[in-house]
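My notebook is open, and I am looking up a few things in this structure. Here is what I jotted down.

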Amino acid sequence: MSAPPKSLVSPAPNSEGPPGFDLVVSGGEVIDPASGRRGPYDVAIADGRIAAIAPRIEPNGAAVIDARGCLVTPGLVDLHTHVYAGGGFWSLRPEPVAWRSGVTCFVDAGSAGAYNAGALLDQIATSPLGLAAFLNISSRGLVTETGEARSASDCDAALCAEVLAAHPGVLVGVKSRLDHHAVGPAGLEPLRQARSVAQAAGVPVMVHIGGGPPEIDEVLGLLSPGDLVTHACTGQSMALLDEHGALRPAAASARERGVLLDLGHGSGAFSYAVAEQMAARGEWPDVISSDLHLRSVLGPAFDLPTCASKLLALGMPLEQVIAAMTLTPARVAKRADQWGALALGRRADVAIFRLERVEVDLFDTYLVPRRVDQLLVNVATIASGVVLEPLPPEPLPPWIEATAAQRRLVARPPSELRRPWAEALQAAEDFARLAIGTPPRYERGGR
Ligand SMILES: [Zn+2]
(Lines give C-alpha, C1' and ligand atoms only; values in the text may rest on other atoms or scores of the structure.)
Protein backbone atom coordinates (compact mmCIF):
# COMPACT_ATOMS: atom_id res chain seq x y z
CA MET A 1 0.00 0.00 0.00
CA SER A 2 1.57 3.23 -1.10
CA ALA A 3 -0.04 6.10 -2.95
CA PRO A 4 -3.80 6.03 -3.37
CA PRO A 5 -5.21 5.22 -6.84
CA LYS A 6 -4.80 8.35 -8.98
CA SER A 7 -8.25 8.19 -10.54
CA LEU A 8 -9.87 8.48 -7.14
CA VAL A 9 -7.78 11.06 -5.39
CA SER A 10 -6.88 14.43 -6.83
CA PRO A 11 -4.14 16.50 -5.25
CA ALA A 12 -5.26 20.01 -4.46
CA PRO A 13 -3.39 22.85 -6.17
CA ASN A 14 -0.83 24.63 -4.01
CA SER A 15 -2.62 26.62 -1.42
CA GLU A 16 -1.84 29.58 0.76
CA GLY A 17 -3.51 28.05 3.82
CA PRO A 18 -1.80 26.43 6.75
CA PRO A 19 -0.37 22.95 6.15
CA GLY A 20 -1.86 20.05 8.03
CA PHE A 21 -4.04 17.48 6.31
CA ASP A 22 -2.89 14.59 4.13
CA LEU A 23 -6.30 13.71 2.73
CA VAL A 24 -9.78 15.19 2.77
CA VAL A 25 -12.90 13.15 1.98
CA SER A 26 -15.08 15.86 0.61
CA GLY A 27 -18.80 16.33 0.04
CA GLY A 28 -20.15 12.97 1.19
CA GLU A 29 -23.03 12.16 3.50
CA VAL A 30 -21.55 10.96 6.78
CA ILE A 31 -23.34 8.24 8.74
CA ASP A 32 -21.60 7.61 12.06
CA PRO A 33 -23.90 5.86 14.53
CA ALA A 34 -21.35 6.18 17.36
CA SER A 35 -21.62 9.98 17.40
CA GLY A 36 -25.10 10.19 15.94
CA ARG A 37 -23.65 12.35 13.18
CA ARG A 38 -25.55 12.16 9.91
CA GLY A 39 -25.39 14.67 7.12
CA PRO A 40 -23.04 16.45 4.74
CA TYR A 41 -19.59 16.56 6.31
CA ASP A 42 -16.01 16.60 5.12
CA VAL A 43 -13.54 14.33 6.89
CA ALA A 44 -9.86 15.30 7.09
CA ILE A 45 -7.04 12.87 7.79
CA ALA A 46 -3.52 13.62 9.00
CA ASP A 47 -0.80 11.18 10.05
CA GLY A 48 -3.18 8.24 9.70
CA ARG A 49 -5.72 9.72 12.10
CA ILE A 50 -9.00 11.61 11.85
CA ALA A 51 -7.98 15.26 12.11
CA ALA A 52 -11.22 17.15 11.47
CA ILE A 53 -14.91 16.56 10.74
CA ALA A 54 -16.85 19.62 9.65
CA PRO A 55 -19.41 20.73 7.07
CA ARG A 56 -16.65 22.28 4.95
CA ILE A 57 -12.91 21.69 5.26
CA GLU A 58 -10.39 23.53 3.09
CA PRO A 59 -7.88 20.99 1.76
CA ASN A 60 -4.97 23.46 1.94
CA GLY A 61 -2.73 21.27 -0.16
CA ALA A 62 -4.11 17.91 0.96
CA ALA A 63 -5.21 15.27 -1.54
CA VAL A 64 -8.99 15.15 -1.99
CA ILE A 65 -11.46 12.31 -2.51
CA ASP A 66 -14.62 13.66 -4.11
CA ALA A 67 -17.36 11.80 -2.21
CA ARG A 68 -20.31 13.78 -3.54
CA GLY A 69 -23.31 11.46 -3.91
CA CYS A 70 -21.67 8.91 -1.62
CA LEU A 71 -22.11 7.66 1.92
CA VAL A 72 -19.11 8.05 4.21
CA THR A 73 -19.02 5.66 7.16
CA PRO A 74 -16.48 4.39 9.65
CA GLY A 75 -14.44 1.51 8.25
CA LEU A 76 -16.69 -1.52 8.63
CA VAL A 77 -16.10 -4.14 11.33
CA ASP A 78 -16.88 -7.67 10.11
CA LEU A 79 -17.33 -9.61 13.35
CA HIS A 80 -17.52 -13.11 11.87
CA THR A 81 -14.84 -13.94 9.31
CA HIS A 82 -12.18 -16.57 8.71
CA VAL A 83 -8.96 -14.73 7.97
CA TYR A 84 -6.31 -17.07 9.37
CA ALA A 85 -4.55 -17.28 6.01
CA GLY A 86 -2.92 -20.68 5.56
CA GLY A 87 -4.42 -21.82 8.84
CA GLY A 88 -6.97 -24.35 7.63
CA PHE A 89 -9.91 -25.33 5.46
CA TRP A 90 -11.88 -22.06 5.51
CA SER A 91 -9.54 -19.15 5.93
CA LEU A 92 -8.57 -16.57 3.34
CA ARG A 93 -6.39 -13.48 3.28
CA PRO A 94 -8.36 -10.36 4.26
CA GLU A 95 -6.41 -7.88 2.12
CA PRO A 96 -7.90 -8.90 -1.28
CA VAL A 97 -11.38 -8.26 0.18
CA ALA A 98 -10.77 -5.20 2.38
CA TRP A 99 -9.99 -2.72 -0.43
CA ARG A 100 -13.23 -3.37 -2.31
CA SER A 101 -15.63 -3.84 0.62
CA GLY A 102 -15.06 -1.00 3.07
CA VAL A 103 -14.12 -3.50 5.79
CA THR A 104 -11.08 -2.31 7.73
CA CYS A 105 -11.51 -4.54 10.79
CA PHE A 106 -11.92 -8.31 10.57
CA VAL A 107 -12.63 -10.52 13.56
CA ASP A 108 -11.78 -14.15 13.00
CA ALA A 109 -14.44 -16.46 14.44
CA GLY A 110 -12.74 -19.56 15.72
CA SER A 111 -10.41 -20.54 12.89
CA ALA A 112 -7.76 -21.07 15.56
CA GLY A 113 -7.81 -22.92 18.85
CA ALA A 114 -5.17 -23.09 21.55
CA TYR A 115 -2.77 -25.33 19.56
CA ASN A 116 -2.62 -23.14 16.44
CA ALA A 117 -3.38 -19.63 17.69
CA GLY A 118 0.29 -18.62 17.53
CA ALA A 119 0.49 -18.08 13.77
CA LEU A 120 -2.84 -16.24 13.73
CA LEU A 121 -1.60 -13.95 16.52
CA ASP A 122 1.48 -13.21 14.38
CA GLN A 123 -0.76 -12.25 11.44
CA ILE A 124 -2.88 -10.04 13.68
CA ALA A 125 0.20 -8.27 15.03
CA THR A 126 1.65 -7.48 11.60
CA SER A 127 -1.45 -6.68 9.51
CA PRO A 128 -2.16 -3.10 8.45
CA LEU A 129 -5.84 -3.92 8.98
CA GLY A 130 -7.57 -4.10 12.34
CA LEU A 131 -7.70 -7.77 13.30
CA ALA A 132 -8.85 -9.73 16.36
CA ALA A 133 -10.18 -13.24 16.97
CA PHE A 134 -12.58 -15.45 18.87
CA LEU A 135 -10.59 -18.46 20.10
CA ASN A 136 -12.20 -21.82 19.32
CA ILE A 137 -13.04 -23.94 22.36
CA SER A 138 -11.57 -26.82 20.34
CA SER A 139 -7.79 -26.73 20.68
CA ARG A 140 -7.40 -27.54 16.99
CA GLY A 141 -9.66 -24.82 15.68
CA LEU A 142 -10.87 -25.16 12.10
CA VAL A 143 -7.97 -26.90 10.42
CA THR A 144 -10.53 -29.32 8.96
CA GLU A 145 -13.94 -28.51 7.51
CA THR A 146 -15.81 -29.47 10.69
CA GLY A 147 -15.91 -32.03 13.51
CA GLU A 148 -13.45 -30.08 15.63
CA ALA A 149 -15.36 -30.55 18.91
CA ARG A 150 -16.51 -34.18 18.65
CA SER A 151 -13.75 -35.59 20.81
CA ALA A 152 -13.47 -34.60 24.46
CA SER A 153 -9.69 -34.65 24.14
CA ASP A 154 -9.88 -31.78 21.62
CA CYS A 155 -11.78 -29.46 23.97
CA ASP A 156 -9.68 -28.43 26.96
CA ALA A 157 -11.28 -25.55 28.82
CA ALA A 158 -8.24 -24.89 31.01
CA LEU A 159 -5.96 -24.66 27.98
CA CYS A 160 -8.38 -22.39 26.12
CA ALA A 161 -8.60 -20.13 29.19
CA GLU A 162 -4.83 -19.91 29.50
CA VAL A 163 -4.26 -18.91 25.87
CA LEU A 164 -7.15 -16.44 26.01
CA ALA A 165 -5.78 -14.82 29.16
CA ALA A 166 -2.35 -14.41 27.56
CA HIS A 167 -3.75 -12.20 24.76
CA PRO A 168 -6.37 -9.85 26.18
CA GLY A 169 -7.80 -7.37 23.72
CA VAL A 170 -6.68 -9.49 20.77
CA LEU A 171 -8.50 -12.72 21.57
CA VAL A 172 -11.89 -11.13 22.22
CA GLY A 173 -14.15 -14.10 22.89
CA VAL A 174 -14.69 -17.86 22.64
CA LYS A 175 -16.20 -19.59 19.60
CA SER A 176 -18.27 -22.73 19.90
CA ARG A 177 -19.69 -24.33 16.77
CA LEU A 178 -22.79 -26.27 17.73
CA ASP A 179 -24.25 -28.51 15.05
CA HIS A 180 -24.31 -32.26 14.57
CA HIS A 181 -21.21 -32.26 12.34
CA ALA A 182 -19.13 -30.09 14.67
CA VAL A 183 -19.97 -31.68 18.03
CA GLY A 184 -21.56 -35.09 17.29
CA PRO A 185 -21.65 -37.13 20.50
CA ALA A 186 -20.19 -34.28 22.56
CA GLY A 187 -23.55 -32.49 22.37
CA LEU A 188 -23.70 -29.36 24.50
CA GLU A 189 -20.47 -30.04 26.41
CA PRO A 190 -18.23 -27.83 24.21
CA LEU A 191 -20.65 -24.92 24.72
CA ARG A 192 -20.70 -25.46 28.49
CA GLN A 193 -16.90 -25.35 28.46
CA ALA A 194 -16.83 -22.25 26.22
CA ARG A 195 -19.27 -20.51 28.57
CA SER A 196 -17.15 -21.24 31.65
CA VAL A 197 -13.97 -20.01 29.92
CA ALA A 198 -15.72 -16.86 28.70
CA GLN A 199 -17.23 -16.13 32.10
CA ALA A 200 -13.85 -16.31 33.81
CA ALA A 201 -12.29 -14.05 31.16
CA GLY A 202 -15.17 -11.57 30.95
CA VAL A 203 -15.60 -12.05 27.20
CA PRO A 204 -18.54 -13.26 25.10
CA VAL A 205 -19.19 -16.65 23.53
CA MET A 206 -20.11 -16.70 19.86
CA VAL A 207 -22.17 -19.82 19.23
CA HIS A 208 -22.71 -21.16 15.72
CA ILE A 209 -26.04 -22.89 15.03
CA GLY A 210 -27.04 -25.04 12.06
CA GLY A 211 -28.35 -28.58 11.71
CA GLY A 212 -29.06 -30.18 15.09
CA PRO A 213 -28.92 -31.97 17.37
CA PRO A 214 -28.24 -30.20 19.72
CA GLU A 215 -31.68 -28.71 20.29
CA ILE A 216 -31.77 -24.96 19.75
CA ASP A 217 -33.76 -24.25 22.95
CA GLU A 218 -31.12 -25.99 25.06
CA VAL A 219 -28.37 -23.99 23.35
CA LEU A 220 -30.17 -20.69 23.90
CA GLY A 221 -30.77 -21.55 27.56
CA LEU A 222 -27.03 -21.73 28.18
CA LEU A 223 -26.23 -18.25 26.83
CA SER A 224 -25.53 -15.16 28.92
CA PRO A 225 -26.01 -11.44 28.24
CA GLY A 226 -23.47 -10.28 25.65
CA ASP A 227 -23.10 -13.72 24.05
CA LEU A 228 -23.85 -13.98 20.34
CA VAL A 229 -25.83 -16.43 18.26
CA THR A 230 -24.27 -16.42 14.82
CA HIS A 231 -26.09 -17.68 11.70
CA ALA A 232 -29.22 -15.99 13.10
CA CYS A 233 -31.08 -16.50 9.79
CA THR A 234 -30.18 -20.15 9.32
CA GLY A 235 -32.95 -22.23 7.78
CA GLN A 236 -31.65 -25.48 9.22
CA SER A 237 -33.17 -27.42 12.12
CA MET A 238 -31.70 -25.14 14.79
CA ALA A 239 -33.48 -22.09 13.28
CA LEU A 240 -34.55 -19.42 15.76
CA LEU A 241 -38.16 -19.39 14.52
CA ASP A 242 -41.12 -21.58 15.49
CA GLU A 243 -43.39 -23.18 12.89
CA HIS A 244 -45.41 -19.95 12.57
CA GLY A 245 -42.32 -17.90 11.77
CA ALA A 246 -42.17 -16.10 15.13
CA LEU A 247 -39.05 -16.08 17.30
CA ARG A 248 -39.10 -19.19 19.49
CA PRO A 249 -39.87 -18.28 23.12
CA ALA A 250 -36.34 -19.37 24.09
CA ALA A 251 -34.91 -17.01 21.44
CA ALA A 252 -37.14 -14.12 22.50
CA SER A 253 -36.14 -14.62 26.11
CA ALA A 254 -32.44 -14.82 25.17
CA ARG A 255 -32.79 -11.51 23.30
CA GLU A 256 -34.53 -9.93 26.27
CA ARG A 257 -31.66 -10.81 28.58
CA GLY A 258 -29.10 -9.33 26.17
CA VAL A 259 -28.00 -12.17 23.91
CA LEU A 260 -27.14 -10.69 20.51
CA LEU A 261 -28.07 -11.99 17.08
CA ASP A 262 -25.31 -12.01 14.46
CA LEU A 263 -26.14 -12.56 10.79
CA GLY A 264 -23.08 -14.70 9.86
CA HIS A 265 -24.32 -15.15 6.27
CA GLY A 266 -21.66 -17.65 5.19
CA SER A 267 -22.19 -20.30 2.56
CA GLY A 268 -25.02 -22.17 4.29
CA ALA A 269 -26.63 -19.94 6.88
CA PHE A 270 -28.83 -17.30 5.26
CA SER A 271 -32.43 -18.18 4.42
CA TYR A 272 -34.68 -15.52 2.90
CA ALA A 273 -37.69 -17.44 4.30
CA VAL A 274 -36.33 -16.91 7.82
CA ALA A 275 -35.06 -13.38 7.25
CA GLU A 276 -38.40 -12.28 5.78
CA GLN A 277 -40.35 -13.63 8.75
CA MET A 278 -38.01 -11.78 11.09
CA ALA A 279 -38.25 -8.63 8.98
CA ALA A 280 -42.05 -8.76 9.03
CA ARG A 281 -41.84 -8.66 12.83
CA GLY A 282 -39.13 -5.98 12.98
CA GLU A 283 -36.57 -8.47 14.35
CA TRP A 284 -33.28 -7.29 12.88
CA PRO A 285 -29.88 -8.78 13.67
CA ASP A 286 -27.80 -6.77 16.15
CA VAL A 287 -24.68 -7.46 14.11
CA ILE A 288 -24.37 -7.92 10.36
CA SER A 289 -21.39 -10.11 9.52
CA SER A 290 -20.47 -12.00 6.38
CA ASP A 291 -18.88 -15.20 7.74
CA LEU A 292 -16.37 -14.52 4.99
CA HIS A 293 -14.30 -17.56 4.03
CA LEU A 294 -12.98 -19.37 0.99
CA ARG A 295 -16.45 -20.60 0.01
CA SER A 296 -18.67 -17.66 0.95
CA VAL A 297 -16.42 -15.17 -0.87
CA LEU A 298 -17.53 -16.91 -4.10
CA GLY A 299 -21.13 -15.95 -3.31
CA PRO A 300 -23.95 -15.65 -2.62
CA ALA A 301 -22.43 -13.83 0.41
CA PHE A 302 -19.48 -12.29 -1.55
CA ASP A 303 -18.64 -9.59 1.01
CA LEU A 304 -20.13 -7.58 3.85
CA PRO A 305 -21.78 -4.80 1.75
CA THR A 306 -23.56 -7.44 -0.37
CA CYS A 307 -24.87 -9.14 2.80
CA ALA A 308 -25.98 -5.75 4.13
CA SER A 309 -27.74 -4.96 0.83
CA LYS A 310 -30.00 -7.98 1.38
CA LEU A 311 -31.12 -6.59 4.75
CA LEU A 312 -31.65 -3.13 3.27
CA ALA A 313 -33.88 -4.76 0.65
CA LEU A 314 -35.87 -6.43 3.45
CA GLY A 315 -36.50 -3.00 5.00
CA MET A 316 -33.84 -2.71 7.72
CA PRO A 317 -33.23 1.04 8.12
CA LEU A 318 -29.93 2.26 6.63
CA GLU A 319 -28.64 3.81 9.84
CA GLN A 320 -29.35 0.59 11.73
CA VAL A 321 -27.58 -1.42 9.02
CA ILE A 322 -24.49 0.78 9.37
CA ALA A 323 -24.56 0.54 13.18
CA ALA A 324 -24.71 -3.28 12.89
CA MET A 325 -21.44 -3.19 10.90
CA THR A 326 -19.61 -0.51 12.92
CA LEU A 327 -20.56 0.53 16.45
CA THR A 328 -22.16 -2.71 17.66
CA PRO A 329 -19.46 -5.17 16.52
CA ALA A 330 -16.77 -2.77 17.79
CA ARG A 331 -18.45 -2.84 21.20
CA VAL A 332 -18.71 -6.64 21.16
CA ALA A 333 -14.97 -6.84 20.47
CA LYS A 334 -14.37 -4.23 23.22
CA ARG A 335 -12.68 -2.06 20.58
CA ALA A 336 -15.22 0.76 20.54
CA ASP A 337 -12.41 3.13 21.54
CA GLN A 338 -10.53 2.27 18.31
CA TRP A 339 -12.94 0.81 15.74
CA GLY A 340 -16.30 1.59 14.25
CA ALA A 341 -16.50 5.37 14.68
CA LEU A 342 -15.38 8.58 12.99
CA ALA A 343 -13.88 10.44 15.94
CA LEU A 344 -11.10 12.98 16.21
CA GLY A 345 -7.72 11.45 16.94
CA ARG A 346 -8.86 7.93 16.02
CA ARG A 347 -7.09 5.70 13.54
CA ALA A 348 -8.52 6.91 10.20
CA ASP A 349 -10.54 3.90 9.05
CA VAL A 350 -13.12 5.24 6.62
CA ALA A 351 -15.38 3.59 4.04
CA ILE A 352 -17.03 5.30 1.09
CA PHE A 353 -20.07 3.74 -0.59
CA ARG A 354 -22.55 4.50 -3.32
CA LEU A 355 -26.13 3.29 -2.89
CA GLU A 356 -26.43 2.20 -6.50
CA ARG A 357 -29.80 1.79 -8.20
CA VAL A 358 -29.85 -1.65 -9.79
CA GLU A 359 -32.24 -4.43 -10.70
CA VAL A 360 -30.41 -7.63 -9.82
CA ASP A 361 -31.14 -10.89 -8.07
CA LEU A 362 -29.31 -11.62 -4.85
CA PHE A 363 -29.48 -15.22 -3.65
CA ASP A 364 -29.72 -16.80 -0.23
CA THR A 365 -27.64 -19.86 0.61
CA TYR A 366 -30.41 -22.17 -0.70
CA LEU A 367 -29.90 -20.31 -4.00
CA VAL A 368 -33.37 -18.76 -3.74
CA PRO A 369 -33.31 -15.36 -5.48
CA ARG A 370 -34.81 -12.04 -4.47
CA ARG A 371 -34.78 -8.99 -6.69
CA VAL A 372 -33.14 -5.94 -5.10
CA ASP A 373 -33.31 -2.38 -6.39
CA GLN A 374 -30.27 -0.96 -4.65
CA LEU A 375 -26.85 -2.21 -3.70
CA LEU A 376 -24.30 -0.82 -1.31
CA VAL A 377 -21.22 -0.53 -3.53
CA ASN A 378 -17.84 0.33 -2.06
CA VAL A 379 -16.06 3.23 -3.74
CA ALA A 380 -12.97 3.49 -1.55
CA THR A 381 -11.62 2.00 1.64
CA ILE A 382 -9.21 3.90 3.86
CA ALA A 383 -7.30 2.01 6.56
CA SER A 384 -5.15 4.01 9.00
CA GLY A 385 -5.32 6.94 6.60
CA VAL A 386 -4.15 4.96 3.55
CA VAL A 387 -6.46 4.45 0.57
CA LEU A 388 -6.24 0.70 -0.08
CA GLU A 389 -5.15 -0.23 -3.58
CA PRO A 390 -6.83 -2.96 -5.64
CA LEU A 391 -5.55 -6.49 -5.12
CA PRO A 392 -6.55 -9.57 -7.13
CA PRO A 393 -8.53 -12.33 -5.44
CA GLU A 394 -6.35 -15.06 -4.06
CA PRO A 395 -6.28 -18.32 -6.07
CA LEU A 396 -8.75 -21.00 -5.03
CA PRO A 397 -7.16 -23.84 -3.10
CA PRO A 398 -7.85 -27.31 -4.56
CA TRP A 399 -10.28 -28.39 -1.81
CA ILE A 400 -12.80 -25.62 -2.51
CA GLU A 401 -15.54 -26.65 -4.95
CA ALA A 402 -16.45 -23.97 -7.46
CA THR A 403 -18.47 -23.69 -10.65
CA ALA A 404 -16.98 -22.43 -13.91
CA ALA A 405 -18.68 -19.06 -13.29
CA GLN A 406 -17.09 -18.79 -9.86
CA ARG A 407 -13.68 -19.68 -11.30
CA ARG A 408 -14.08 -17.00 -13.98
CA LEU A 409 -14.90 -14.52 -11.25
CA VAL A 410 -11.67 -15.20 -9.41
CA ALA A 411 -9.78 -14.63 -12.67
CA ARG A 412 -11.32 -11.20 -13.35
CA PRO A 413 -9.11 -8.15 -13.02
CA PRO A 414 -9.45 -6.31 -9.70
CA SER A 415 -10.77 -3.22 -11.48
CA GLU A 416 -14.00 -5.16 -12.21
CA LEU A 417 -14.51 -6.30 -8.62
CA ARG A 418 -15.66 -3.08 -7.00
CA ARG A 419 -19.21 -3.85 -7.98
CA PRO A 420 -20.51 -6.76 -6.00
CA TRP A 421 -19.63 -9.97 -7.67
CA ALA A 422 -23.31 -10.77 -7.77
CA GLU A 423 -23.53 -9.03 -11.13
CA ALA A 424 -21.34 -11.71 -12.67
CA LEU A 425 -23.30 -14.59 -11.15
CA GLN A 426 -26.95 -14.15 -12.02
CA ALA A 427 -28.34 -17.68 -12.01
CA ALA A 428 -28.57 -20.32 -9.31
CA GLU A 429 -26.48 -22.68 -11.50
CA ASP A 430 -23.60 -20.20 -11.25
CA PHE A 431 -23.08 -21.13 -7.61
CA ALA A 432 -21.77 -24.35 -6.09
CA ARG A 433 -24.73 -26.00 -4.32
CA LEU A 434 -24.13 -27.15 -0.77
CA ALA A 435 -25.94 -29.95 1.05
CA ILE A 436 -28.01 -27.88 3.48
CA GLY A 437 -31.42 -29.38 2.66
CA THR A 438 -34.43 -27.39 1.50
CA PRO A 439 -35.49 -23.95 2.71
CA PRO A 440 -38.03 -23.83 5.55
CA ARG A 441 -41.65 -22.87 4.81
CA TYR A 442 -43.90 -20.83 7.05
CA GLU A 443 -47.67 -20.55 7.11
CA ARG A 444 -47.79 -16.95 6.10
CA GLY A 445 -45.49 -14.99 3.83
CA GLY A 446 -43.01 -12.73 5.50
CA ARG A 447 -43.38 -9.82 3.12
ZN1 LIG B 1 -17.82 -19.03 10.45
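I began with contacts, counting two residues as in contact if their C-beta atoms, placed from the backbone, lie within 7 Å. Among contacts between residues at least 6 apart in sequence, 77% join residues at least 24 apart.

A note on the source: this is a predicted model, in which local features need pLDDT of at least 70, side-chain atom pairs count only at pLDDT 80 or more, and totals for chains, interfaces and linings use all residues. Residues are numbered from 1 along each chain as its sequence is written.

Next I looked up burial. Buried residues (20 or more other C-beta atoms within 10 Å of their own, with C-beta atoms placed from the backbone) make up 52% of the 447 residues.

Then I checked the overall dimensions.

For secondary structure I found 12 helices and 16 strands. These are DSSP runs numbered from the N terminus: helices are H or I of at least four residues, strands E of at least two.

I turned to the sheets, where two strands pair if DSSP finds at least two bridges between them. Seven strands form an open sheet in the order β7-β8-β9-β10-β11-β12-β13, with parallel pairing. Its edge strands are β7 (76-81) and β13 (260-262). Within it, β10 and β11 share five bridges, and V174 has V205 as its bridge partner.

Last, I looked at the hairpin of β3 and β4, which has two residues between the strands. Its strands run antiparallel.

Note on methods:
A residue is buried if 20 or more other C-beta atoms lie within 10 Å of its own, exposed if 12 or fewer, and partly exposed in between; C-beta atoms are placed from the backbone.
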